[in-house]
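Let's walk through this one together, question by question. Here is the structure to keep in view as we go.

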Amino acid sequence: MGSAGSVSGTVSDPSGAALPGATVELQNRLSGYDKVITTDQTGAFHFLDLAPNSYRLAVKATGFAGFGADVTVRGSVPVVQPVVLSIGAESTSIEVSAALNLIESVPTPHTEVDTSQFENLPTYSVAGGLNDVIAHSAPGVIEDSNGFIHPQGDHAETQFVFDNQPVTDQQNKNFSTSMPENAIASVEVISGAPPAEYGDKTSLVINAITKSGLGVAKSFGSVSTSYGSFGTYGQTGTYGTGDAKWGNFVSLNAVRSGRYLDPPEFSALHDVGNNETIFDRADYQPSINNTLHLNLFFSRAWFQTPNTYDQSAAGQDQHNRIVSFNIAPGWSRILTPNSTLTVNPYIRRDDAHYTPSRDPLADDTATVAQTRTLTNAGIKADYSLIKGRQSIKAGVQVQHTFLNENFSLGITDPSYVADNGAQGLAPYDLTNGGAPFHFAAHADIKGYAWYVQDAIILGNLTLQVGSRFDVYRGLTGGNGFEPRLGSSYLFKPTNTVLRASWSKFFETPYNENLLLSSATGNGGLANAVFGAFGAKPLQPGTRDQYNVGLQQGLGKHLLLDAGYFWKNTHNAYDFDTLFSSPITFPIQWRLSKIDGVSARATLTPIHGLSAYAILGHTRARFFGPESGGIIFNSPLNTSVFRIDHDEALESTANLRYQRTKNSPWFSLTWRYDSGEVAGAVPTLADAFALTGDQQASIGFHCGAVYATTLTPIISCPNAAAAANLVIIPRAGTENDDTNPPRVAPRNLFDVAIGDDNIFHTERVHYRAQFTAVNVTNVVAVYNFLSTFSGTHFVSPRSYSLEIGLTW
């Protein structure tokens, strides 16, 4: 459905007679996709729900010579590959790998990941969904706390597409529950120059195809249970069944952990959470030219807000509950052998409730309550045509987002009122007879888009051209015309692809807490009572982006891919965190200039060994002033600075060994991060002003004397003060642009070992997997007192054991 394609055909002998029972294999070594089926009584075979990609098709049958062909899936238009086997010596195995070329000549930098690859990756964030998979698979992605990812230097400009349904709202578990990994068949991660069908949040486009029961010869499924550190335990189950006409797939997941969110201390205090999800996909094919599907998703999450030592001592007890559902039917019709029409309506809703402590004065700085809903309803329709060298796609998208926000806040720290009295906080000081501030509003955010794109193959040259027009009618309005141009060229003698592109984007504000964030500021709530300085609601933004890159194949097993990106954005978006809560508000900066390098090296399986390595370098420069948010920045801040998702180097390397498909496997993952910006401590004077708890959390010390919760360090002779987890610039050297304070570098190692068929049985496979995360028990933080995300520690060493069965 949607962008997913198919490969089908009929296997026959030289006389044209059908060959039932022939073995057909389709494989892509880079993504890990590998599926083997047999032809039916008419000699037909069908591979469905394929990601757009190049594949190798191989066929064998008793008494006949083997057959092999390269096939390219270019979208929803089906690929038909007739197969005629000649009489000859029978192949003893299906030779797929030898003839498959690893390189792909397309202008769009992207990474494909199949379920066989990401099922065994380490998980740092409970119920993190696909975000952990992306952080450990796609280059140029900065990993942050709670499964959050920063794509290509942006805070959260990420778009998920599930079976052609676009989701541009936040999928981090603080906002919503993402699709579970065991519901996903394959993922394509587009990290630059996306085609015109993708708009709004496009720094990273995650195109996911869910699992289906349509066309399966035998039912399939899995059941597993797991237990690990911090009292983390979970259960999962999947089941798929169907035939040529219909199919159904269901996924159920439940998890509970004593370290649900990444806490502000190395120890997890007040950090229990649980998450339950159910996903169901039903398919029905009433005729060969028509396919219907229905995706249903429901989730519930309840979790505590982690405390610092000081907050726990005060008895703070805040928690959050998020309930989400998604209903997405779809229809795909083959109009001609070369054209298709797909229609995908959808409705999804997030219902979030944030509850403060029963005793308001137990809450640190402020007691906050919130109830909000985000309901997203829309429809997307595409027409696809493959005509000779051209792959044309045109479509329209209509979307309404209904927002309801209810919010209250009361100040519980009189010293905060005294320090910020000019902002008019006294009426909300609960310690001095004040009453909570209340806010309630609703809005309908409308969006409309039209697009057309064409991929043209001219020998070794591939051109990608397209345009998109967006209309935004929210709290503010705007229109955007977005041309997209890209090209790639294949040098066959050296197995090299060069690519370059230019793209224009029209971006819109984040919807989460948009109404309150836009109401603050000059002329807004209580004359800037909360210290934000946006004079008007958040505005749409525009971006120019340039990408250049190359792809180099080295032999049959090694592929190198590297690229450079440069983005210039007017009205760049970010988030403002409210105190130590997980409540965030969208904000906007006047300008951002982001550039960087990303690269990936992939070693396809050779004698049981496979590996990949990714890296990224990002320079994220933002320019004030800032608009929106709550309790934030000065309007005089117009200078350039490095934002907290700027990082000089992040890299991941994964090594996996499995001698045969039925033997045990071993996996080692190494993640390096040079450290994000930590703007709260630009100088030692700022560090001396921290509380003892804050100093102790970053290992602040004066010589051999370390700060504790009860004994902060307020001075240190001879500039001997330093911090273990944050790099504070030497006196006189700090510069917000060229030498900001940063989180200290970290190296994390993860090990996993498992066996997916312990007893070597044919139909039912019993499996077990043991995973150790951060095996060297490195103490590190993702961020520290960040205005944009707070303080969060990396998980200490933890273990998990999972046992289950698949069939």
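Q: How far apart are N and O in the salt bridge between the side chains of K446 and D444?
A: This is a predicted model, in which local features need pLDDT of at least 70, side-chain atom pairs count only at pLDDT 80 or more, and totals for chains, interfaces and linings use all residues. Residues are numbered from 1 along each chain as its sequence is written, and side-chain values use heavy atoms, with hydrogens and water left out. A salt bridge here is a side-chain nitrogen of Lys or Arg within 4 Å of a carboxyl oxygen of Asp or Glu. For K446 and D444, the N to O value is 3.6 Å.

Q: Which parts of the chain does the pair R742 and D646 tie together?
A: R742 forms a salt bridge with D646, their closest N and O atoms being 2.6 Å apart. Strands (E, at least two residues) and helices (H or I, at least four) are DSSP runs, numbered from the N terminus. Because R742 lies in strand β40 (residues 742-743) and D646 in a loop, the pair ties together parts that are 96 residues apart in sequence: β40 and the loop between β33 (640-642) and β34.

Q: Which residues are linked with R742 in a network of salt bridges?
A: R742 is buried, and D646 is buried too. A search of the whole structure finds 30 salt bridges. In the network, R742 is linked with R621, R642, D646 and D737.

Q: What is the relative accessible area of R259, which meets D262 in a salt bridge?
A: The side chains of R259 and D262 meet at 2.8 Å, N to O. D262 counts as buried, at 4% relative accessibility. R259 is buried as well, with a relative accessible area of 5%.

Q: How many bridges join β23 to strand β24?
A: Two strands pair if DSSP finds at least two bridges between them. Strand β22 (residues 339-355) runs antiparallel to β23, joined by 16 bridges, and Y354 stands opposite Q370 in β23. β23 (residues 366-387) is mostly covered, with 16 of its 22 residues buried. β23 and β24 (residues 390-411) run antiparallel, and the number of bridges joining them is 22.

Q: Which residue in the turn between β23 and β24 has a positive phi?
A: L385 stands opposite I392 in β24. The two strands form a hairpin with 2 residues between them, and the turn residue with a positive phi, about 60°, is G388.

Q: Which element gives the largest share of the nonpolar patch?
A: The patch is formed by L655, F666, L668, I753, F770, Y799, L801 and I803, with about 680 Å² of accessible area together (Shrake-Rupley method, 1.4 Å probe; for residues, only the protein chains shown count as cover). Patches are made of residues with over 30% relative accessible area and no salt bridge: like charges are joined within 9 Å, nonpolar side chains (Val, Leu, Ile, Met, Phe, Trp, Tyr) within 5 Å. The largest share, 3 residues, comes from β45.

Key: Buried < 20%, exposed > 50% of the residue type's maximum accessible area, 1.4 Å probe, protein only.
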